[in-house]
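This briefing goes through the structure shown below, topic by topic. Please keep the sequence and the 3D view at hand while reading.

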Amino acid sequence: MDRSPPVLAPDFRTLFESAPGLYLVLAPDLTIVAASNAYLAATMTRRDAILGRGLFEVFPDNPDDPGATGVANLRASVLRVLAHGKVDAMAVQKYDIRRPESEGGGFEERHWSPVNSPVLDEAGNIAYIIHRVEDVTDFVRLKQEGSDQHRVTEELRTRAGAMEAEIFRRAQEIQEVNAQLRTLQAELEQRVATRTTELQRANEQLRQAQKLEAVGRLAGGIAHDFNNLLSVILSYSELLLRDLGPDHASRADIEAIRSAGTRAADLTRQLLAFSRRQVLDPKIVDVNQILASVHKILVRVLGEDVDLKLLLAAGQITVRADRGQLEQVVMNLVVNARDAMPNGGRLTIETATIELDADYASQHLGVPPGTYVMLAVSDTGIGMDKATQARVFEPFFTTKGLSKGTGLGLSTVFGIVKQSGGSIWLYSEPGAGATFKIYLPHVEGPLAVTATAPATTDLAQGGETILLVEDEDQVRTVASSILRRAGYQVLEARTPAEGLRVTREHPGRIDLLLTDVVMPTMNGRQVAEQALAVRPGIKVVFMSGYTDDVVLHHGVVDEGVAFIQKPLTPDAVTRKVRQTLDTPPQG
């Protein structure tokens, strides 16, 4: 007699569908792929009516229950399973079931205890989700109604073991979740602290930039007014010196006036540099070449007790800048470093081509990512505290005492660098020296050829007719005097309207218009445009005490525009006028 056990047929679907539990199998997209018979019976559905359909299409919320949360809670649970690959046990849910039309339709109130479990494939990915539920509707109703305590007790006793295990498992899951929450909280607190520090640094940089911008506007306005006054002082003193013999008794006094005026002009130039309103002549220059050309001068400036080292990048490193202004930047930084090393030390000047990424840009206000040429000047001097660093670029701020400096050296550096499209950053601590790092945008192209203007002591002469438009009476008078001494016929106008009237009504030729840029009611470019409309062949020269985007773009003279920077001097005025008159018309 054969006593071998019976063989189980490998029809697992049949086994699954016949299982006594309430099971539903979902694809990762929440499509129903299988259901046990017990589940179909409990939910009053048919297998052929639900397979291949979305879970919430088959089982929507009861539209007559405005407080229904079954869909939202179940969706959140299965999404947690998909996100973490772990079992998710839900609290008892009220989830009404739609009756078949054959049984009257509508929704029947039902309560469930669901558990959603992942099924992983060989690669560890979620292949299915098993949705297991228990219908606890009767239990909930009994509990809600408070009747038949004996049945409730029996129901509780029957489920006690399963609930105890479920509670234990859920407690473990809560512990894991709490641990994850603590880790995430620590990470979040660290991120908040880091971001707060970044925001504080950015706000401080913004406040400093706004303060320097406000001071710069004030300085630029002052320099503009002073340039008009200095035009009168320098021009008349120069004209007087040309008239006086070398042994005249008053010559020394007038030379002293001219010298004081020149020093004042230097101060206004430094103010204009800080306020980014000076006129630049940017060309493609090699920073290494500039440093090599001023090396001997720097050695003399530093003295024997300071060791100068140049650490220059290989090859050319080119930027678009005004060569003279860039030399002034280097010289001012070197002088500042020398003063910070009264007992000697070491000064290092370094160049490099570097990439500033988005992370650096986010921490340094106003610096876009890109390729830059870095010029770093480092000393081993006394260093600076935070309070000094916060004011170091302000004009007239100095720690050297009233008799040892104007306080314009570093503010001039700041203005030149900013006007050249770059940025400057200071790193220093008391007793640990200081490093100034300048970043200028890197450019490619052939180097500019430096041309030297021939020296002359005579005013450039001419006999043409010039229309002079200048609203400042003293400036207009001295400019007219300069031009007449050089042989020109001068027509004076104190307002733009008067200048345009002369342009229309003067019976003879007008060869050149010399006009101030910043005037009330109309600017110099508008005057020039209307004058050209009346006299197409007239040449134009603009003059101004500071840059203005009417004829300049960020301090750079437009191509083909003749410009004289105030304060005026006889040589500068006559040379520019003669040069413009001798330039053949374009086209």
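**Briefing on the predicted model**

Strand S16 (residues 465–469) and S17 run parallel and are joined by 5 bridges. Helices (H or I, at least four residues) and strands (E, at least two) are DSSP runs, numbered from the N terminus, and two strands pair if DSSP finds at least two bridges between them. This is a predicted model, in which local features need pLDDT of at least 70, side-chain atom pairs count only at pLDDT 80 or more, and totals for chains, interfaces and linings use all residues. Residues are numbered from 1 along each chain as its sequence is written, and side-chain values use heavy atoms, with hydrogens and water left out.

**The chain as a whole**

- The chain contains 18 helices and 22 strands.
- Of its 587 residues, 40% are buried; buried means under 20% relative accessible area, exposed means over 50%, and partly exposed lies in between (1.4 Å probe, protein chains only).
- Among contacts with a separation of 6 or more, 66% are between residues 24 or more positions apart; a contact means heavy atoms within 4.5 Å.

**The parallel sheet**

- Strands S17-S16-S18-S19-S22, in that order, form an open sheet of 5 strands with parallel pairing.
- Its edge strands, S17 (489–493) and S22 (562–565), each pair on one side only.
- From one strand to the next, the twist averages 20 degrees. Axes are lines fitted to C-alpha atoms, for helices over the stretch in contact, and angles run from 0 to 180 degrees between N-to-C directions.
- Helix H16 (residues 496–505) lies across S16 and S17 and runs at about 160 degrees to S16.
- Helix H18 (residues 570–582) lies across S16, S18 (512–516), S19 (539–544) and S22, at about 180 degrees to S22.

**The contact of H16 with H17**

- H16 packs with helix H17 (residues 524–534) at an angle of about 10 degrees, and their axes are 10 Å apart.
- This angle makes H16 roughly parallel to H17. Angles under 35 degrees count as roughly parallel, over 145 as roughly antiparallel, 65 to 115 as roughly perpendicular and the rest as oblique.
- From H16, Pro496, Leu500, Thr503 and Arg504 meet Val527, Gln530, Ala531 and Val534 of H17.
- The residues of this contact divide into 5 nonpolar, 2 polar and 1 charged. Ala, Val, Leu, Ile, Met, Phe, Trp, Tyr, Cys and Pro count as nonpolar, Asp, Glu, Lys and Arg as charged, and the others, Gly among them, as polar.

**The mixed sheet**

- A second open sheet of 5 strands is ordered S10-S12-S13-S15-S14, with mixed pairing.
- Strands S10 (306–311) and S14 (423–428) stand at the edges with a single partner strand each, so one side of each has no neighbour in the sheet.
- On average, neighbouring strands of this sheet are turned by 15 degrees against each other, direction ignored.
- S12 (residues 345–356) and S13 (residues 370–379) pair in the antiparallel sense over 10 bridges, and Glu355 has Thr371 in S13 as its bridge partner.
- Helix H10 (residues 295–302) packs on the sheet and touches S10 and S12; its direction makes about 155 degrees with that of S10.
- Helix H11 (residues 323–339) lies across S12, S13 and S15 (434–441), running at about 170 degrees to S15.

- Leu311 lies in strand S10 and counts as partly exposed, with 47% relative accessibility.
- Beyond residues up to four places away in sequence, Leu311 touches Thr348, Ile349, Glu350 and Thr351.
- Leu311 and Thr351 are 40 residues apart in sequence, with their C-alpha atoms 6.5 Å apart in space.

**Positive phi values**

- Most residues other than glycine have a negative phi.
- Leu30 has a positive phi near 70 degrees and sits in the loop between S1 and S2.
- S1 (residues 22–26) and S2 (residues 32–35) pair in the antiparallel sense over 3 bridges, and their hairpin has 5 residues between the strands.
- At 11% relative accessibility, Leu30 counts as buried.
- Met44, also not a glycine, has a positive phi of about 60 degrees; Met44 is in the loop between helix H2 (37–43) and helix H3 (47–50).
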